[in-house]
Amino acid sequence: MITQDRLKELLIYNPDTGFFVWRVSRGTKRSGSCAGYVCRKEGYRVIGIDGRLYRAHRLAWLYMYDMTRDDIRRKMKISQPAINDSSTFLACLTVERFST
């Protein structure tokens with residue numbers, strides 16, 4: 001799993017646009033170019049880092065908050081079925097952010 005430090009070493013995230021750009025050139029990926037591609041099957045933007053594919057929205061959360069979905073699940077002690085319901089997931093995040 002990628003860390004926030006590694007992510008910030010490779011990419012720059014713009015929270016206003018939601019896009020990632022490469023901080024450094026790597027192979028055919030040039031510094032300053034938009035990172036990833038939209039997976040037609042799922043409709044999510046996917047970014048390949050260190051031989052693994054990540055959904056961009058999950059990388060954005062890691063970039064901004066240094067937390068993964070699993071971190072949130074452990075911290076909130078949320079079961080797998082509840083975390084899959086996006087409204088429950090977002091409500092739990094809101095409660096957690098304002099209660100600390």
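Guide: Happy to! Helices (H or I, at least four residues) and strands (E, at least two) are DSSP runs, numbered from the N terminus. This is a predicted model, in which local features need pLDDT of at least 70 and side-chain atom pairs count only at pLDDT 80 or more, while totals for chains, interfaces and linings use all residues. Residues are numbered from 1 along each chain as its sequence is written, and side-chain values use heavy atoms, leaving out hydrogens and water.

Let's visit helix H1, where glutamine 4 lies. With a relative accessibility of 15%, glutamine 4 counts as buried (under 20% relative accessible area; exposed is over 50%, partly exposed in between, with a 1.4 Å probe and protein chains only). Leaving aside residues up to four places away in sequence, glutamine 4 touches Leu62, Tyr63, Met64, Tyr65 and Asp66, a contact being heavy atoms within 4.5 Å.

That leads us to helix H2, residues 56-65, where Ala56, Leu59, Ala60, Leu62 and Tyr63 are buried. They sit on the same side of H2, because their arc around the axis is only 165°, taken from the directions from the helix axis to the C-beta atoms. Helix H1 (4-10) is among the elements covering these buried residues, as is strand E1 (11-14).

Back in H1, glutamate 9 and arginine 6 are three residues apart, about one turn of the helix. They form a salt bridge, with their closest N and O atoms 2.5 Å apart; the rule is a side-chain nitrogen of Lys or Arg within 4 Å of a carboxyl oxygen of Asp or Glu. Glutamate 9 is partly exposed at 44% relative accessibility, and arginine 6 is partly exposed at 24%.
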